[in-house]
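User: Please take a close look at one part of this model, a helix packing. I would like the geometry and the contacting residues.

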Amino acid sequence: MNPDELRQAVAGIRWYHRMDLGHGIVTPGESDTFRVLPRLRFPDSFRGMTVLDVGAWDGFYSFEAERRGADRVLATDHFCWRGAGWGTKQGFDLAHRVLNSRVEALEIDVIDLSPETVGTFDVVLFTGVLYHMRHPLLALERVASVTRRWLILETAVDMLWVRRPALAFYPGDELHHDPTNWWAPNHSALRGMLETVGFRKIEVVFRQSLLHRVGRAAKQRLEGRGGFVRGLGQGRTVVHAWR
Ligand SMILES: C[S@@+](CC[C@H](N)C(=O)[O-])C[C@H]1O[C@@H](n2cnc3c(N)ncnc32)[C@H](O)[C@@H]1O
């Protein structure tokens, strides 16, 4: 595929991930992966490790794990890849071809993950997916069942001023006007849920500062997208958990 053909193919896809496909072509994804990636605290090298990316969509993090030397990477998704979601698998397939990738792909629902269906992996990536789950504890149980060692989890969090374990429930489209967002835990709940499904060491490696949350809550309030106090209790967090 020459650069003009690639540019044309890229323009025909609704991207989620910003991805550098070479020839100066960066996909116009809404998720600024170059900003998010450092928050995930990937190791410099995944050499000697197998990696499962759950809810991979365009696959940026799967391709990054491959680039960092993972022995094997399996990218999975369901909602988007089945075509029922906000996007499709077209972006993943195009990037896979252009990057000459060996990342494997499987369309499977989080709830169907098990050692029997996918096997087990040294590292599991579960980023931006937990709050889309109708049954988050069950989803984490399934994710834990296929994690041999290390889970890298990124999620929306809420109720941050509550000390007891608590999850905010969004029966409508309260979180970011997206009806597929169901629940967001606070840190205490996230820790408790991870312990409940069998993780023993849990470390929060990224959380948004209070200053950042104040700025975002004020902007949300000014744009009529929600109350200031509620916004203040919301953010994003990255956790590393080990079995
Ligand atoms: C916000 S995107 C996150 C994409 C990517 N993991 C990231 O961090 O940028 C949520 C992803 O979860 C997927 N997803 C939602 N529900 C799912 C389910 N039940 N099973 C598998 N994937 C699901 C969506 O298709 C979408 O790709």
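Analyst: In this predicted model, helix 5 passes helix 6 in a right-handed crossing. A crossing is right-handed if the near helix is turned clockwise from the far one by less than a right angle, and left-handed if anticlockwise. The contact (heavy atoms within 4.5 Å) is made by Pro-136, Leu-137 and Leu-140 of helix 5 and by Met-193, Leu-194 and Thr-196 of helix 6. By class, these residues are five nonpolar, one polar and no charged. Here Ala, Val, Leu, Ile, Met, Phe, Trp, Tyr, Cys and Pro count as nonpolar, Asp, Glu, Lys and Arg as charged, and the others, Gly among them, as polar.

Axes are lines fitted to C-alpha atoms over the stretch in contact, and angles run from 0 to 180 degrees between N-to-C directions.

Helix 2 (residues 33-40) and helix 3 (residues 60-67) have axes that come within 12 Å and cross at roughly 60°. That makes helix 2 oblique to helix 3, and the crossing of helix 2 past helix 3 is right-handed.

Residues are numbered from 1 along each chain as its sequence is written. Local features need pLDDT of at least 70, side-chain atom pairs count only at pLDDT 80 or more, and totals for chains, interfaces and linings use all residues, while side-chain values use heavy atoms, with hydrogens and water left out.

Definitions and conventions
Helices (H or I, at least four residues) and strands (E, at least two) are DSSP runs, numbered from the N terminus. Angles under 35 degrees count as roughly parallel, over 145 as roughly antiparallel, 65 to 115 as roughly perpendicular and the rest as oblique.
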